[in-house]
Amino acid sequence: MTMSLLVVLEVLSAVLGTTMFIRHMGISSSDAFSRAVILVLGGLSGLISLLLMAGQPQLLWLADAGCIGLFVSALACRGDQAVGVWHDIREVYTLHPWYILWPCVLLLTLLFLEAILLAPSNNDGLAYNITRAWLMLDEGRLYLHSGNGIRQQVFPPAFDVLFTLLLRSGGDYGTGVFSFLSYLAILCGTYNLANRLFHSPRIGLATALAGASFTEVLLQATTVKNDIPTAAAAITLLAALYNIINVRNATPQRTQGFRFHVIYVVFAVIFGVVVKTYFLGMAAALFACIGVGLLLSKRLFSIGGMIFHSLRRPGLSGIIGLILCLGLLIPSIFMMTQNSRLHGGLFGPTSFTNWHKNADGVTGAAINAGRYTLQLLDAPNRLTRYTAAWYDNQLGEAKSLGTNMNFADLVKTPLFPQEDLSAFSMLGFLLVVASLLVTLIKGRGFVRQTAVAAILSFGAICYALAWMPWNLRFFSATFILTLPACGFFISRMKRPWSVTVLMLYFVGHMWFVGLTNAEKLILNILDFPHSVGWAEANDLLRRTWDHPYHYARYGLSLEDRETLLHLTAPGDRVLILYHETSLVLPLLLALHDRDITLTRPGRPLITDSGTLDTADCDTFFQLSNSANITVEDIRLHSKCTMDRRYYARSSHPDGMLIFTQSNLNHPSPRTADLFNQTPEFVLASTGVESIPHDHHLWMYGNTSTLTIAPPHHFPAWLEYELMTMIKQQHVQIFLDDKLMLNSTKLYPLEPLQGRIALPETTQPLVVRFVFDKTNTGANTFAPEDPRPLTALLEQFHIVH
């Protein structure tokens, strides 16, 4: 923890030092800080990526030295600017009311503490964003050879490599600091830009709070995902472009400040694109709109000439900018080259990238625009689901265009803010729509150009990407692009008190989102018990601050963690077989000082001795016999371990299987499996098909019963897996009339897996599944089948 916090201080010092250097060029403190964040993140990303490309992770101390050296040199050369920054901060407090500023400061303090102290909780972050950074450190290379998912290998790593600085000590503290700095950059950058556009610090603050209060933006303030830095890059890009196009004479092109704006535009675009490829569409739309505006105002060639002359003698800032840009471009080109060589596409396997693309052109884009609009309205969940079903019905057969998923089944509005599914708030969306309309009609110049660019950016995402329910965060940069229009709309409010009321709402909404963030558990009402006692309160606190206890919610139970640490010692070899979507980071952190090989069955494993096929059982046992223990995701149902898994250690039916070498060398004497037609296993059944179809059986009627023979060996468990097609369905499971699973909700096409401990008995056992809904009435999904179908039985076997 101590080393991670020192890294956080190093990064903060580098941002402050860069702010002082930029402010010396005559740029305001807020603008300088926001750009300093992007420059520091981009510079660190380039340096780390190049070191990993060279196979030298042990030289990451150069990043530490760079941060400290930057700060020290700034104090030595530009120390007077630190005093200027402090005076600018004090001026903000004199210009604005305390009841607006102090709640913001307190909330920012809370978010900062969350960013550096709380464990990461985003599913994608645990599956690949931070996981790939850990693997990069472990392998000592940028392009990974191991891993359990293709996303760990092929996705752009520009933002994810930053986590290597914090993971060197084996901990996960401070992982949210880069997103928090990006959030601050959005806040400060918007304040600066709106203040300059409308010549009013009050409008500047109101516009900044509008952007900071967008639900999805605030939720990303402590995340480990890589969308919010592109939003920060967008606001700083706007500021730099505004400075360039508002030059009115020939003198500024000779100044260091003008040259810096030009170089920064190039750097910000490169940074945004290498972090998230969709940033290219937004940048192209922005440049096109501003270019057309300059052409119509007959200033395009004069501005172009000034830019050209300013770069003829790049000076020190030009050389530094070139180095920073190359530091981002070279690793990105290297990644695309490797992807093309190994997978046949610049961004990964063609089948993988095509699945994420909108394959239906303009028609698919138009349908996606309607889908995203319904999501962005952020209406109550019931209304959202109703309108989504209506939308699909109106589309008819065209409802499959623009997506590979079922819109009506998957779209939902979470009750409390959740990073993967929340939008930007209903009022935020309505403010953006109203601002864009007013700006298009009444606005002029730069403000109108950014409004048009925001609309084009929205359309570009709808056109390029297939709709998915968790894609809303991709619009973060687009919504930030609308903030000049929002400022224009707010500036036209006639009554001063209306702006104050609006700011109070923004601050109140920020506190609501900050406290009820479903993934941070500060005041998560969803997890809050109805009657809170000391035990429940302690449990909530432990899940918030105790990292191992927190990770028990993400697949690594405390019991399994203790087992793993007991069976292995530092330096021992561990083979991990995990599913593509498994949240593997908790396991890697727990075993950070072990020699780990991570893969998934069927994925080629590149080793020093060649490429291994892990789907081949001989190869698998060769790997596992060379490891002290093997850990397998219980969901894999690997053919190599199926007859050996019953000896493995496991504390949770949805968790992991832990094999020692002796476990793997002794297969189970018996597997009682319904689908393998094990003799005398299922003695009788009602409400269940007798002949499997594609390795599953339909269950029908509200009650399905299977009478099974008692096991021959103990301890023994009954493992099952169900899958439904019916919405809002619940199931109860009984064993000999004893309730084993209380009313549990089933989600369409999402398997429900479980394990039931069987009592030591010689008598047959009766397993009963009770469903509350069947394939009738409003729940009908197969109208041609007259049976009251309930669910698919996909697994049903006894393990020892």
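Is Ala-388 buried or exposed? Ala-388 is buried, with a relative accessible area of 0%. Here buried means under 20% relative accessible area, exposed means over 50%, and partly exposed lies in between (1.4 Å probe, protein chains only).

These views show a predicted model, in which local features need pLDDT of at least 70, side-chain atom pairs count only at pLDDT 80 or more, and totals for chains, interfaces and linings use all residues. Residues are numbered from 1 along each chain as its sequence is written, and side-chain values use heavy atoms, with hydrogens and water left out.

**View 1**
Ala-388 sits in helix 18 (residues 381-395). Helices (H or I, at least four residues) and strands (E, at least two) are DSSP runs, numbered from the N terminus. The C-alpha atoms of Ala-388 and Leu-410 are 9.4 Å apart, and 22 residues separate the two along the chain. Ala-359 lies in the loop between helix 16 (350-356) and helix 17 (361-376). Ala-359 counts as exposed, at 71% relative accessibility. Its C-alpha atom is 8.8 Å from that of Tyr-463, a residue 104 positions apart along the chain.

**View 1. A nonpolar surface patch.**
Leu-50, Met-53, Leu-322, Leu-326, Leu-329, Ile-330 and Ile-333 make a nonpolar surface patch of about 550 Å². Two elements each give two or more residues to the patch: helix 2 (29-53) and helix 15 (315-343). Helix 15 gives the most, with five residues. Patches are made of residues with over 30% relative accessible area and no salt bridge; like charges are joined within 9 Å, and nonpolar side chains (Val, Leu, Ile, Met, Phe, Trp, Tyr) within 5 Å. The areas come from the Shrake-Rupley method with a 1.4 Å probe, and for residues only the protein chains shown count as cover. Leu-50 is in helix 2. Leu-50 is partly exposed, with a relative accessible area of 34%.

**View 2. The second largest pocket.**
This pocket holds about 1,200 Å³ of space. Its lining has 35 residues, and the closest to its centre are Phe-33, Ile-89, Val-92, Leu-184 and Cys-188. On a 1 Å grid over the protein atoms alone, a pocket is an open set of points with protein on both sides within 12 Å along at least five of seven lines; a cavity is a set where a 1.4 Å probe fits but cannot get out; lining residues have an atom within 4 Å of a point. Points are joined across faces, edges and corners, and a volume is the space filled by probe spheres set on them. Helix 1 (2-23), helix 2, helix 3 (61-95), helix 4 (98-117), helix 8 (177-198) and helix 9 (201-212) each supply at least two lining residues. Helix 8 has the largest share, nine residues. By class, the pocket lining has 25 nonpolar, seven polar and three charged residues. Ala, Val, Leu, Ile, Met, Phe, Trp, Tyr, Cys and Pro count as nonpolar; Asp, Glu, Lys and Arg as charged; the others, Gly among them, as polar.

**View 3. The second largest cavity.**
The structure has five cavities of 30 Å³ or more. The second largest cavity holds about 50 Å³ of space. Its lining includes Pro-120, Ser-121, Asn-122, Glu-419 and Lys-520. Three of the lining residues are nonpolar, five polar and three charged.

Side chains of opposite charge can pair when their charged atoms come close. A salt bridge is a side-chain nitrogen of Lys or Arg within 4 Å of a carboxyl oxygen of Asp or Glu. The whole structure has 17 salt bridges. In one of them, Asp-160 pairs with Arg-132, and the closest N and O atoms are 3.0 Å apart. Asp-160 lies in the loop between helix 6 (150-154) and helix 7 (164-167), and Arg-132 in helix 5 (residues 123-139), so the pair ties together parts 28 residues apart in sequence. Asp-160 is buried at 1% relative accessible area. Arg-132 is buried too, at 0%.

Asp-420 forms a salt bridge with Arg-473, with the closest N and O atoms 3.4 Å apart. Asp-420 is in the loop between helix 19 (407-410) and helix 20 (426-442), and Arg-473 is in the loop between helix 21 (445-464) and helix 22 (476-481), 53 residues apart. Asp-420 is buried at 14%, and Arg-473 is buried at 3%. Both belong to a network of salt bridges that also links Asp-124, Arg-151, Lys-225, Asp-227 and Lys-276.
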